[in-house]
Amino acid sequence: MSDHEYTPSSKVGKWFNDRLPLLTLANHLTDYPTPKNLNYWWTFGGILTFCLITQIVTGLTLAMHYIAHADMAFESVEHIMRDVNYGWLIRYIHANGASMFFLAVYIHIFRSLFYGSYKSPREIIWIIGIIIYLLMMAAAFMGYVLPWGQMSFWGATVITNLFSAIPLVGEGIVTWLWGGYSVDNPTLTRFFTLHYLIPFLILGLVVLHIWALHVPGNNNPVGIDIKKPSKDTVPFHPYIVIKDGFALLMFMIVFAFFVFYSPNILGHADNYIEANPMVTPAHIVPEWYLLPFYAILRSVPDKLLGVVAMLSAILILAVLPWLDTSKIRSAVFRPLYKQFYWILVADVLILGYMGAMPAEGLYLLIARVATAYYFLHFLVILPVLGFKEKTLPIPLSITEPVLGGSPNLATAKHKEDIVK
Amino acid sequence: MKNLIKLLSVLAFISLAVTTSSNSAETTKLLKTDWSFKGLFGKFDRGALQRGYQVYTEVCASCHSMKYVSYRNLGEKGGPEFSEAEVKAIAASFELTDGPNADGEMFTRPAKPSDKFVMPYENVKAAQAANGGAYPPDMSVLVKARGGGVDYIYSLLQGYEDAPSGITLDEGVYYNKYMYGNKIKMAAPLSDDLIEYGDGTNATVEQMSKDVTTFLMWAAEPHLESRHQMGFKAIIYLIILTVLVYFSMKKIWSRVESEV
């Protein structure tokens, strides 16, 4: 909370605020001191909040018309697309909204990786973020099952079957998840229930995520601790609000382009074929945002180890604050880490591409190398880099790099040494 | 501003990467034609839709159902836009089973505009039995259910050829160079002058393919025209608002010594 005490000016406000300090909270949120050098990569938190709210609002509307029944789900989606007023708009926003949500979350995560936002004292923010990301994947996967198309059905079959890899109890767990002996109506109804529940869990975690953020305050591109409030900060409102708003509008233009002009480009054509347990599609592919993990899963020849590798690939992120041994946060001052960072970005994109290709021949080989490198990055490169890397001198305040150098003899001298 | 350009280029790159990776590899290059419904202002060609309906109902509909489309849709804005009288006449030309009535009996009656398209077969099994085991897929969302979309359907209709030497075809199986695996259980459905267009257009295979594919696109996306119109307005609105917010932001941030 803010350092200064806040008292509402009106009598009614004071009366209310003494009993429920909502006005203090509102005051804290508007005055919240934010580093003034945040770049546009920092606007994705606000964009993600927008995505979550959009998904919840459109989802509620869709749920009023959707029928969660194996015989009627596909038809009810067509009913929404044809006969519900602007049903096509709501459904296309919801379907593309999932992709936009993941696009934003990946940028948000990779921003953290670049600027070391997960490091002390922000580990809890980061871990909550990883839990949100996991829940997002669960929600997205179950949402994709609801239209009950071919990819819905077979995607659900493939993913739920992963649990059968668990020794001894695996088969029992799969039957329990399905509510029967195959993916069928009981599976659909429980997926619908959970798909409805998870966004509200995410909403709660988002509150915790922001709460945890407001304790140490934002990291920043320079990655140094700053005094709050000070010359280095601006109040959240209006400075960050308008900047986030501007970035959000840009994002919405991209979003609108997908919704209005290529609403189906991110989906798979097979999902417009009604689910048929007797016909298996030629290639079962998950949505694009799950492809890197799908590639990791398939690159391990053993089923159980494949599942372990896929889950580890996500969970390893949770321990990242302790795997990265460097005390310097921002990659701006870590010349070696910066290079490895971009290699990791390329590695994940390659994994994503391989996830969309059939798991055979050269594709499989590349996927295996990329999987190995993914783990190498987190388990070997990051821990070692913290000790070996010669980092650049960091400025003492944000004002220095922004204004082109306040007199600081120690850093200036260090810079000269590097030039020599 | 430099950061902004960086951000935009990364966004553009990612969306490009995403769209290219989600398009699976196509085996044969599909035939292309100029679709009137593509692009920012894309609209259906009304004549093509009406002719396409004629091809569908006289040729395709003997095997392929279109169970999510209603007769009333044929008269709605953004569709073939038949007149109310024409829609009623079209609907009335089909018979369907309704009931039970007060006596508990099923009965047949002419279809009404509010009815869904009458299906050629009672059920999937009946359709399979009549078509050598292959189910003629429902055409309501067919163009969205095939990789390549309209280009694929358009090509497939014109892709019938004699099988190259070395490929043997079973009874009731035909060779089509655009079909996945090249073997298709549907005989070439179109031939020149197979039907006589009401508007006097020359009924070549190419013309009929284009018309019926346009009709199928509408059947799958009946609100495509209003989507395009609304999209244009929405994006223009967003761009203007973005520009205004950008200048407001510049003004607000001019109070602090920092760049946005």
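1. Buried area here is the accessible area (1.4 Å probe) that two parts lose on being put together, summed over both. Keep that in mind for the domain contact below. Also bear in mind that this is a predicted model.

2. First, the layout of chain B. The chain has 260 residues, and 41% of them count as buried. If you look at contacts between residues at least 6 apart in sequence, 60% join residues at least 24 apart.

3. Now the domains. Domain 1 of chain B is made of two segments, 43–69 and 116–222, while domain 2 covers 224–255. Their C-alpha centres sit 42 Å apart.

4. How much area is buried between domain 1 and domain 2 of chain B? It comes to about 470 Å², with carbon and sulfur atoms giving 45% of that. On the domain 1 side, B:Lys43, B:Phe44 and B:Glu221 lose the most area to domain 2, together 74% of what that side buries.

5. In residue terms, 6 residues of domain 1 touch 4 residues of domain 2 in chain B. Sorted by class, the domain 1 side has 3 nonpolar and 3 charged residues, and no polar ones.

6. On to the specific pairings. Between the two domains of chain B there are 2 salt bridges, and 4 residue pairs are in polar contact across the interface.

How values were computed. Residues numbered from 1 in each chain as written. Chains lettered and ligands numbered in written order. Predicted model: local features only at pLDDT ≥ 70, side-chain atom pairs only at ≥ 80, totals over all residues. Heavy atoms only, no water. Domains from an automatic or database assignment. Contact = heavy atoms within 4.5 Å. Salt bridge = Lys/Arg side-chain N within 4 Å of Asp/Glu carboxyl O. Polar contact = N/O pair within 3.5 Å; in protein donor to acceptor, adjacent residues only side chain to side chain. Nonpolar A, V, L, I, M, F, W, Y, C, P; charged D, E, K, R; others polar. Buried < 20%, exposed > 50% of the residue type's maximum accessible area, 1.4 Å probe, protein only.
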